[in-house]
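Morning, everyone. Please bring the structure up on your screens. I'll keep this short.

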Amino acid sequence: MILELTSEQLAFQQQAEQFAREIVAQRAAGIDKSGEFPSDVMHAAASQGLLGVTIPKAWGGAGRDYVSYALAIEAIAKASATVAVALSVSNSLVAELIAHAGRDQQRERWLRKLAGGEALGAFALSEPDAGTDAANQHTKATRAGDGYRITGRKVWVANAEEASVAIVFARTRPGLRGQGITAFLVPMDTPGIKRTARADSLGVRGLGCMDLDLDIAVTDQDVLGPVDQGFRLAMWALQGGRVAIAAQALGIGQAALDEAIAYAKQREQFGQPIASYQAIQWMLADMATELAAARLLTLKAAAAKDRQEKSTLEASMAKLAASEAAHKAADKAMQILASAGYRRGSVVERLFRDVRATEIYQGTSEAQRMIIAANVLANA
Ligand SMILES: Cc1cc2nc3c(=O)[nH]c(=O)nc-3n(C[C@H](O)[C@H](O)[C@H](O)COP(=O)(O)OP(=O)(O)OC[C@H]3O[C@@H](n4cnc5c(N)ncnc54)[C@H](O)[C@@H]3O)c2cc1C
């Protein structure tokens with residue numbers, strides 16, 4: 001088994017790290033404080049090929065592999081968790097799904113723009129009564145003329161504030177749950193979309209999360225993939241999305257570790273740097289080890305996607321391990337910095353708030369454990 005990155009993967013990682021350092025990091029505190037969607041940073045990210053990372057060059061993307069994508073998301077998340085997840089939603093949940101399931105006419109209309117950064121994508125699956133139980137869709141699509149009328153309410157739609165297109169999931173066959181849901185490509189300027197509540201959140205602030213009230217007409221041209229098979233497509237997209245969220249969590253966790261190491265070396269108590277105390281060293285050792293283990297799982301899941309293998313289990317394991325390792329790292333960093341970390345506006349305070357979302361969105365940790373348990377029980 002070869003555990004080395006290729007020269008192309010390393011070069012892209014370095015490019016993303018430089019962009020993160022020079023552009024994203026400068027804006028991170030401001031995005032968190034204002035809660036404003038970072039349109040300027042997203043445009044700059046597009047010019048780096050970060051909005052269509054794995055989309056084939058023929059469709060305007062950067063044509064890179066999933067390992068490279070995961071490395072880039074980790075690098076960006078180290079600077080700003082918000083920018084990393086906004087990128088991952090448009091890449092994994094929207095552009096990749098259109099590349100996977102869209103017709104050429106839909107790819108012409110949306111994929112080129114998404115990959116080039118002229119358009120941003122949103123993914124509208126969650127509803128007031130469809131969170132972990134995402135198949136419990138109440139939004140319905142009923143036949144009307146040569147298309148559908150879609151009515152319902154979507155919640156927590158990331159990027160919705162700026163997105164040009166959303167993949168909207170709606171029930172087309174009542175009572176059939178996952179066998180009766182269809183995916184639609186909905187332009188966000190469609191009459192009848194009301195962007196309602198803007199989520200004011202603990203962390204990943206500035207993600208442009210909105211609730212959407214829908215009463216819209218769409219045509220048959222807007223159906224993405226086969227009718228009634230949209231839930232399967234949502235789960236396909238979430239496999240890639242979970243690898244990206246694992247990478248995002250690693251970036252947050254690594255930033256927490258870096259902050260803790262730097263502080264422990266310079267902060268003196270009892271006449272010595274606190275890094276000389278074993279209590280602090282053990283915390284740093286655990287943080288580094290747990291993040292390194294989760295990084296291996298994340299790269300393994302990304303490599304499985306590159307081999308086009310079914311990677312549901314790998315993606316869930318990566319997300320679970322990385323989000324929990326990063327949560328623990330942020331918690332320990334807070335302990336090491338103590339009052340300096342607890343102060344409003346400190347980097348560790350922001351990381352501590354941001355990391356929590358990685359255990360919630362794109363499937364909670366409980367949902368990941370359900371998937372992993374079902375797999376290990378079925379294969380025993
Ligand atoms: C910042 C942010 C951004 C988001 N962005 C998007 C987006 O872009 N698009 C989108 O569609 N959604 C988005 N979401 C929604 C997100 O996917 C859901 O919040 C998530 O799936 C959990 O659903 P819920 O919040 O309704 O929790 P619930 O499903 O109500 O769960 C509540 C608790 O019960 C547990 N639970 C539920 N069922 C079980 C079970 N069977 N066994 C054991 N425990 C269980 C859960 O793990 C959790 O601990 C976002 C959420 C956040 C916070």
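I'll go through the ligand and then some helix pairs.

One thing before we start: this is a predicted model.

Let's begin with the ligand. Which residues come nearest to the ligand? There are 16 residues around it, and the nearest are Ser 126, Thr 132, Trp 156, Thr 364 and Glu 366.

Take Ser 126. An N or O atom in the side chain of Ser 126 is 2.7 Å from a nitrogen atom of the ligand. Go to Glu 366. Here an N or O atom of the side chain is 2.6 Å from an oxygen atom of the ligand. Ala 158 uses its backbone: a polar backbone atom of Ala 158 is 3.0 Å from a ligand oxygen atom. How much of the ligand does the protein bury? Taken alone, the ligand exposes 980 Å², and the protein buries 62% of that.

On to the helices. Find helix H6, residues 230-266, and helix H8, residues 312-337. Their axes are 8 Å apart, and the two pack at an angle of about 20°. Angles under 35 degrees count as roughly parallel, so H6 and H8 are roughly parallel to each other. What lines their contact, by class? The contact of H6 with H8 has 18 nonpolar residues, five polar ones and three charged ones. As for handedness, H6 passes H8 in a left-handed crossing.

Stay with H8. Its next partner here is helix H11, residues 365-378. The axes of H8 and H11 come within 9 Å and cross at roughly 140°. That makes H8 oblique to H11. H8 passes H11 in a left-handed crossing.

Last pair. Look at helix H1, residues 7-34, and helix H3, residues 66-79. How far apart are their axes? The answer is 8 Å, with a packing angle of about 25°. H1 and H3 are therefore roughly parallel to each other. Left-handed or right-handed, how does H1 pass H3? H1 passes H3 in a right-handed crossing.

To recap the ligand: Ser 126 and Glu 366 are among the residues that come nearest, and the protein buries 62% of the ligand's exposed area. Thanks, everyone.

Definitions and conventions. Residues numbered from 1 in each chain as written. Predicted model: local features only at pLDDT ≥ 70, side-chain atom pairs only at ≥ 80, totals over all residues. Heavy atoms only, no water. Axes fitted to C-alpha atoms, helices over the stretch in contact; angles between N-to-C directions. Helix = DSSP H or I, 4+ residues; strand = E, 2+ residues; numbered from the N terminus. Parallel < 35°, antiparallel > 145°, perpendicular 65-115°, else oblique. Left-handed = near helix turned anticlockwise from the far one by under 90°. Nonpolar A, V, L, I, M, F, W, Y, C, P; charged D, E, K, R; others polar. Near = heavy atom within 4 Å. Polar contact = N/O pair within 3.5 Å; in protein donor to acceptor, adjacent residues only side chain to side chain. Areas by Shrake-Rupley, 256 points an atom, 1.4 Å probe, with all protein chains shown as cover.
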